[in-house]
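Welcome to my notebook. I opened this structure to see how its chains sit together, and I jotted down what I looked up.

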Number of protein chains: 2
Amino acid sequence: MTGELPMRFRDDALPPRVRIHEVGPRDGLQNEPSRVPVAVKAEFIHRLADAGLTTIEATSFVRPDLVPQLADAAELMPLLGDLGERGVRLPVLVPNERGLERALALGVREVAVFASVTESFARANLNRTVDESLTLFEPVVSRALRAEVPVRGYLSMCFGDPWEGRVPADRVVRVALRLLELGCAELSLGDTIGVATPGHVASLLSALKDAGIPATKLAVHFHDTYGQALSNTLTALRHGVTTVDASAGGLGGCPFAKSATGNLATEDLLWMLQGLGIDTGVDLRRLAATSDWLAAHLGRPSPSRTVRALSHKES
Amino acid sequence: MTGELPMRFRDDALPPRVRIHEVGPRDGLQNEPSRVPVAVKAEFIHRLADAGLTTIEATSFVRPDLVPQLADAAELMPLLGDLGERGVRLPVLVPNERGLERALALGVREVAVFASVTESFARANLNRTVDESLTLFEPVVSRALRAEVPVRGYLSMCFGDPWEGRVPADRVVRVALRLLELGCAELSLGDTIGVATPGHVASLLSALKDAGIPATKLAVHFHDTYGQALSNTLTALRHGVTTVDASAGGLGGCPFAKSATGNLATEDLLWMLQGLGIDTGVDLRRLAATSDWLAAHLGRPSPSRTVRALSHKES
């Protein structure tokens with residue numbers, strides 16, 4: 001082949017650089033039915049870092065009986081010490097103060113909390129109202145900040161809810177403002193059931209901007225349930241967002257929406273960003289090889305189109 | 001659920017209406033290894049029309065030994081007579097004069113020719129140079145126009161080529177101008193191996209515009225090999241294109257790029273267009289049910305994310 005594909009075409013309306021917040025090891029693996037050995041997880045995270053990813057959500061300090069796949073968080077973190085020294089950010093999800101204390105004791109330097117925008121999901125996932133869950137996060141965030149540990153706030157069901165259907169933008173704005181007020185450094189807008197479309201994304205980002213929340217505080221987190229994740233991401237980039245959540249190989253899905261085909265695949269995102277001349281620092285082929293390697297461990301092919309296409313080409 | 005999803009948000013930079021050129025029965029089925037009975041094909045096309053599709057590429061009048069799946073073109077067309085009367089457009093692909101004469105004898109009122117932009121693919125697919133193949137189309141197009149049958153020109157490998165890699169825009173412009181000069185009413189820009197990204201789409205459409213070709217003469221035809229089809233389509237809409245090729249259920253793929261996961265799924269496109277408040281006249285749920293019905297005939301699930309998500313929800 002005479003020239004590498006994709007061809008590159010810069011679009012000045014898009015940011016020159018995007019930071020990928022890799023969620024594969026946490027969001028991607030958390031619903032995986034068969035337990036992945038901790039050594040495989042550690043190798044996965046090392047390979048992700050070697051491919052150039054600089055922010056890798058490593059695990060979750062939830063109750064082991066609730067998410068058995070991530071019950072090995074305390075064993076995993078010590079295996080990643082060298083990465084922290086290399087400057088790789090390794091945030092972990094903490095559901096409450098107890099989880100936070102466990103994480104801090106292991107030297108975690110960045111955490112995330114998981115809030116619901118809708119009452120139905122707050123009830124189903126956290127067994128609380130939205131306000132009760134935000135109140136619960138108050139001491140978590142303030143304790144983290146006292147330890148100089150920045151907190152990311154996840155907002156789930158920002159675009160639609162399996163029980164409630166439509167989710168009005170003002171509900172997202174309200175939870176977003178509250179999380180920033182608590183002290184969150186960054187908010188990740190989750191389309192948990194994958195129903196968003198580009199116009200919806202543009203509308204929500206405008207509403208957040210109107211409420212005084214700059215795009216630099218936001219990340220987007222799209223699911224590919226209806227095949228919209230990449231178009232939605234492109235729209236978010238046009239609105240100034242420069243942090244994008246993605247999952248290597250398209251790992252993962254939402255336990256409350258079983259039809260979900262998972263998160264936006266990091267490789268599909270990278271193909272687009274490379275074509276747009278947007279710098280990420282990530283080596284696409286090296287990452288795709290990592291997803292192939294993990295797929296072999298999980299015993300099924302990656303759902304990422306790019307991983308499959310590259311894997312076919314090289315085999 | 002209190003409100004139907006996706007929520008609708010108009011974007012004034014996008015066209016209010018899009019015509020979908022449905023290619024499932026031809027481009028989608030042509031590489032299907034096991035023969036689909038002609039009665040199933042006729043029912044498929046009727047169901048597509050009942051779902052609201054107004055342009056359905058029905059089949060191809062190629063040599064039966066080259067595309068055995070479409071060898072029944074002469075049996076199929078008489079089964080679709082009622083659709084023509086209902087105003088449904090049923091174009092067919094014709095490779096040469098002989099194919100055109102067979103199609104005209106059966107009352108076909110719209111045809112398409114298939115040109116390659118690159119020398120490698122012209123050689124592989126047509127065993128000719130690009131110029132030789134365009135010369136071959138000259139009598140085909142003029143004979144069709146004498147019969148008052150409009151001709152669509154397909155341009156394949158517009159964004160990349162499996163042998164040559166990068167494809168410069170001027171090559172696409174050259175073939176596009178030549179096809180219009182011959183008398184083609186519409187050109188469909190094919191990303192046969194699915195390597196395009198939004199910046200590349202914008203750049204090619206600008207080059208065509210600079211050459212005096214209006215977006216109203218163009219259709220886009222994207223493949224989802226690297227998961228980019230919908231983002232590319234969104235970009236084309238922003239550049240004034242209002243005709244989009246898509247394949248019900250994401251049927252199909254390119255025989256010269258076996259890793260291709262097929263055409264853009266009509267349902268994934270519809271989810272986005274509905275969310276953007278763009279009118280197509282197509283009933284998404286009815287179409288997805290048709291794709292499910294055909295998937296049962298083919299013995300494997302549809303690769304369309306939207307078909308799978310809707311099918312799961314309703315089961």
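**Entry 1: the interface.** I began with the area buried between chain B and chain A, which is about 4,200 Å², with carbon and sulfur atoms giving 61% of that. Buried area here is the accessible area (1.4 Å probe) that two parts lose on being put together, summed over both. In chain B, Arg166(B), Tyr226(B) and Arg305(B) lose the most area to chain A, together 20% of what that side buries.

I noted two ground rules before going on. This is a predicted model, where local features need pLDDT of at least 70 and side-chain atom pairs count only at pLDDT 80 or more, while totals for chains, interfaces and linings use all residues. Residues are numbered from 1 along each chain as its sequence is written, chains are lettered from A and ligands numbered from 1 in the order in which they are written, and side-chain values use heavy atoms, leaving out hydrogens and water.

**Entry 2: who takes part.** I found 50 residues from chain B and 50 residues from chain A in the contact, with contact meaning heavy atoms within 4.5 Å.

Entry 3: I looked up the salt bridges between chain B and chain A and found two; each needs a side-chain nitrogen of Lys or Arg within 4 Å of a carboxyl oxygen of Asp or Glu. Arg305(A) pairs in this way with Asp224(B), and their closest N and O atoms are 3.9 Å apart.

**Entry 4: one serine.** Last, I picked Ser133(B), which is found in helix α7 (residues 130-146) of chain B; helices are DSSP runs (H or I, at least four residues), numbered from the N terminus. Ser133(B) counts as buried because its relative accessibility is 0%, the cut-off being under 20% relative accessible area (1.4 Å probe, protein chains only). Its side chain reaches the backbone oxygen of Val130(B) at 2.8 Å. Not counting residues up to four places away in sequence, Ser133(B) touches Leu126(B) and Arg128(B).

Technical notes: Helix = DSSP H or I, 4+ residues; strand = E, 2+ residues; numbered from the N terminus. Buried < 20%, exposed > 50% of the residue type's maximum accessible area, 1.4 Å probe, protein only. Polar contact = N/O pair within 3.5 Å; in protein donor to acceptor, adjacent residues only side chain to side chain.
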